[in-house]
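Take a moment to look over the sequence and the structure. Then read on, one step at a time.

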Amino acid sequence: MKKNNGLLFCLPAIILLGMFFIYPLFNVIIMSFQNWVVLGNNTFIGFNNYINTFQDKEFWQVLGNTLIYCLIVTPMIFIPALFFAVLLKKTNKLNALLRTGIFIPYAISLVASSYIWTWILNDTYGILNFILNQFGLINEGINWLGTTWSARFMISLSVAWKTMGFSMIIILAGLSSISSSIYEATSIDGSSKIRTFFSITLPLVKPTLMLALVLSIAGSFKGYDQFVIMTGGGPMRTTEPIIMYISKVAFDYYEMGRSAAVSVVFLIILLSISYYQIKLGEYDA
Amino acid sequence: MHRKTNSFKNIPIAILIILVLLIFLFPIYWNIVTAFKYSDEILAYPPKLIPSNWTFFQFNKLLTVSNGVFIQFFINTVIITISTILLVLAVAIPSSFALAKLPFKGSRIVFILFLSIFMVPFQCLLVPLYSLLTKIRLYNTKFGLILIYSTFFMPFCIFMLKNAFAQLPNALFESAILDGASKRKIMISLFLPLSIPSIVSCIIYLFIETWNDFILAFMFTSSNEVRNIQVGIMNFGKQRFSSDWGIINSGTLIAIIPTIILFIILQKYYIQGMTSGAVKE
């Protein structure tokens with residue numbers, strides 16, 4: 001009667017977890033110290049994979065690319081998300097409709113949103129060049145995805161368009177947890193709306209804001225699909241992110257061990273981001 | 001009094017916001033109208049905002065090319081998505097139930113292990129997962145993909161369902177035990193029906209994540225019999241029809257319709273689920 005078979009209920013999930021998460025997690029670390037070949041004997045080669053990676057110019061370039069992308073896309077997601085969250089805070093029919101509208105692109109895949117934008121940005125037939133031309137802003141079609149910085153901005157724009165709604169919803173959830181009596185008090189005080197926003201709203205939603213920020217930073221480090229579709233990493237590898245480098249080293253150069261070493265470095269970067277996420281969570285509680 | 005003047009002031013703002021929204025959703029509109037144009041009109045200058053002749057020509061081309069390989073991609077995606085949803089529910093429901101109501105020695109550690117998947121994204125494990133799949137002969141199989149999706153999408157569902165089950169009163173569970181019901185029966189016929197909203201949000205989450213996945217399907221498949229719709233579109237757009245914007249736009253439209261429809265119908269549950277972990281009460 002006292003027998004508790006809780007573990008039995010968890011067993012199928014634990015098996016999946018062990019096989020496809022814990023085992024690969026240990027394996028990626030082991031592989032990173034090996035000269036790993038698909039068939040045959042793997043030999044331990046110490047830190048060689050790491051040393052070779054740190055000596056590879058391309059590694060630092062993709063790290064830089066990813067960092068630059070993160071710095072561009074994060075404010076592009078964040079500022080409009082915060083703006084619309086504050087604007088659409090009150091629950092009424094119009095706001096509900098607008099929230100849905102802004103959130104819809106989040107349901108679209110990155111592959112699809114990237115193609116939708118690649119078509120809009122097309123240098124000869126794209127509608128963006130046509131509109132800019134109509135307003136007399138440009139004389140001839142711009143190859144938006146053909147030059148480094150404009151490609152970086154346009155990829156960021158397409159991702160911001162897709163994911164902004166998600167950040168908005170998270171910030172909205174934070175805003176809705178602020179009690180309305182605080183706002184009533186400030187309106188009696190006669191504070192201006194802008195002052196209320198900066199001195200009351202912003203500090204109170206800070207933990208939620210930080211969470212949305214950390215999620216979008218981590219997300220930008222994991223970016224891959226949008227780069228494959230929109231530029232393929234070009235021009236001159238300037239839009240090649242870490243993940244594309246990991247897959248290239250593994251599946252094009254067949255250096256599985258070194259690819260594992262890059263993965264471990266990447267994992268450490270992501271874990272330090274998550275560490276801040278946990279710390280923020282504790283701060284919140 | 002104060003409120004009334006405010007709402008009047010808000011009318012121009014409301015119009016402005018709606019205008020912004022229309023611009024915001026223009027890319028989707030542009031995708032739809034391009035997919036319904038004839039090829040010469042797609043490349044027409046100046047571009048036509050509304051097709052002069054609406055046509056299924058592009059879809060017809062898309063669905064008949066290479067003996068309907070695009071239909072194959074679509075069916076693959078449906079099979080993989082539904083199987084992943086069923087498998088995750090089958091393993092996540094009992095574990096969440098046990099973690100919430102049948103605490104055992106080490107159950108806290110098990111829960112923390114599940115949540116640790118949040119910290120380690122699968123993007124870091126592409127190489128060992130590839131080597132594992134080839135070793136167990138599941139590389140380039142639907143089943144291999146389903147197992148990997150299930151592993152990495154399961155923790156979010158366990159987190160959500162555990163919270164849902166934990167909220168149900170212990171007395172409910174205890175009185176059912178006294179009545180002589182088995183734990184399995186309590187879980188299925190008592191707890192499940194009371195947690196439908198959480199289960200629905202799990203299903204939407206799983207559907208969108210699995211349907212929209214590109215990287216795993218791209219890395220771990222090599223033949224058209226297994227490829228999903230995202231890889232299929234990429235394959236068409238990058239290789240076979242690199243500048244055929246009719247085919248690319250119609251394929252993209254078909255890929256986004258299921259998730260958008262599901263999302264619009266069930267968005268309440270989805271938002272509830274997404275934000276459940278974000279804000280502490």
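A residue counts as buried if 20 or more other C-beta atoms lie within 10 Å of its own. Keep that cut-off in mind, and remember that this is a predicted model.

Start in chain A, with helix α5, which spans residues 110-120. How many of its eleven residues are buried? The count is eleven of eleven, and the helix is mostly covered.

Now move to chain B. What is it built from? Its secondary structure comes to 14 helices and zero strands. Read along the sequence, the pattern is α-α-α-α-α-α-α-α-α-α-α-α-α-α. The radius of gyration of chain B is 24 Å, while the globule rule gives 19 Å for 281 residues. The value for chain B is well over that, so the chain is more spread out than a compact globule. Along the principal axes, the C-alpha atoms of chain B fill a box of roughly 75 × 75 × 35 Å. Of the 281 residues, 45% count as buried. Next, take the contacts in chain B with a separation of 6 or more. Residues 24 or more positions apart account for 75% of them.

Zoom in on one pair of helices in chain B. Helix α5(B) covers residues 69-101, and helix α11(B) covers residues 196-212. Their axes come within 9 Å and cross at roughly 140°. That angle makes α5(B) oblique to α11(B). The crossing of the two helices is right-handed.

Which residues meet there? From α5(B) come T77(B), I80(B), T81(B), T84(B), I85(B), V88(B) and L89(B). They meet C202(B), I203(B), L206(B), F207(B), T210(B) and W211(B) of α11(B). The residues of this contact divide into nine nonpolar, four polar and no charged.

Finally, look at where the two chains touch. Here 69 residues of chain B are in contact with 68 residues of chain A. Which helix of chain B gives the most to this side? Helix α14(B), residues 245-276, does, with 14 residues. What kinds of residues make up the side of chain B that touches chain A? They divide into 53 nonpolar, 15 polar and one charged.

Notes: Residues are numbered from 1 along each chain as its sequence is written. Chains are lettered from A and ligands numbered from 1 in the order in which they are written. This is a predicted model: local features need pLDDT of at least 70, side-chain atom pairs count only at pLDDT 80 or more; totals for chains, interfaces and linings use all residues. Axes are lines fitted to C-alpha atoms, for helices over the stretch in contact, and angles run from 0 to 180 degrees between N-to-C directions. Helices (H or I, at least four residues) and strands (E, at least two) are DSSP runs, numbered from the N terminus. Angles under 35 degrees count as roughly parallel, over 145 as roughly antiparallel, 65 to 115 as roughly perpendicular and the rest as oblique. A crossing is left-handed if the near helix is turned anticlockwise from the far one by less than a right angle, and right-handed if clockwise. Two residues are in contact if their C-beta atoms, placed from the backbone, lie within 7 Å. Ala, Val, Leu, Ile, Met, Phe, Trp, Tyr, Cys and Pro count as nonpolar, Asp, Glu, Lys and Arg as charged, and the others, Gly among them, as polar. The radius of gyration is taken over C-alpha atoms; the globule rule is 2.2 Å times the number of residues to the power 0.38. A residue is buried if 20 or more other C-beta atoms lie within 10 Å of its own, exposed if 12 or fewer, and partly exposed in between; C-beta atoms are placed from the backbone.
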